[in-house]
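Hi,

Here is the structure I promised to pass on.

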Amino acid sequence: MHTNQQSCAAAAVRSPLPLAAALAALAAFVFLLHPGAPRAAAGVGPVVSTASTGLGTILVDSRGRTLYLFQADRNGRSACTGQCAGAWPPLLASGKPRVAGSAKASLVGTTKRADGKLQVTYNHHPLYTFVKDTKKGQTTGENVNAFGAEWYVVSPAGASVQKSAPAASGGGGYGP
């Protein structure tokens, strides 16, 4: 009996192919049932949603950060690059943008930036966040004149929300 056990063990050591084939088949089966998260998430696009603020209902990203339009943008193309994009980060898309709240799917799209990345648009306006907005619902970039034009919060209709700045505000700009 002892000899048969040794013979089986020796046979398994000499021929690991059936075991390797079984493990490969099992791994393939598990992968088909549960594809890897990075691979599955690669095509998921950003969310454009809405939130209620002191300026009314506005567009926000998936983290609740206010979305802005830049009046220097023309024909659905971004005019904000370099230092501007550092202060006003573009809402980038790695997949098809999605909507939530009262945002309208028919108004969401993308545009190619100068660096080749896709930026989310809403009613043909490229969308941006603002680095000085550090909490959900902040709108500190509203009516700021920076990088050559005005910045405005975006409404669910796709228009700028233009609330007049107080006379003593001095503009509160960021950048040249």
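Let me start with a loop. Asparagine 123 sits in the loop between β7 (118–122) and β8 (125–126); strands here are DSSP runs of E with at least two residues, helices are runs of H or I with at least four, and both are numbered from the N terminus. Although asparagine 123 is not a glycine, its phi is positive, at about 55 degrees. This residue is partly exposed, with a relative accessible area of 29% (buried means under 20%, exposed over 50%, partly exposed in between, using a 1.4 Å probe and protein chains only). Histidine 124 is in the loop between β7 and β8 too, and it also has a positive phi without being a glycine, near 70 degrees. Histidine 124 is exposed, its relative accessible area being 63%.

Before you read on, a word on the source: this is a predicted model, in which local features need pLDDT of at least 70 and side-chain atom pairs count only at pLDDT 80 or more, while totals for chains, interfaces and linings use all residues. Residues are numbered from 1 along each chain as its sequence is written, and side-chain values use heavy atoms, with hydrogens and water left out.

Now the overall picture. The chain has four helices and eleven strands, and 34% of its 176 residues count as buried. Of the contacts (heavy atoms within 4.5 Å) with a separation of 6 or more, 66% are between residues 24 or more positions apart.

What about the inside? The largest nonpolar core has 18 residues, and Phe70, Cys80, Trp88 and Trp151 touch the most other members. β2 (56–60), β3 (68–70), α4 (83–87), β9 (144–146) and β10 (149–154) each give this core at least two residues. By nonpolar core I mean a set of buried Ala, Val, Leu, Ile, Met, Phe, Trp, Tyr and Cys residues joined through side-chain atoms within 4.5 Å. There is a second, separate core of 13 residues, with Leu59, Leu91, Tyr122 and Leu127 among them.

Finally, the structure holds one disulfide (a pair of cysteine sulfur atoms within 2.5 Å). Cysteine 80 and cysteine 84 form it, with their sulfur atoms 2.0 Å apart. The torsion about their S-S bond is about -110 degrees, so the disulfide is left-handed. Both cysteine 80 and cysteine 84 are buried.

Cheers
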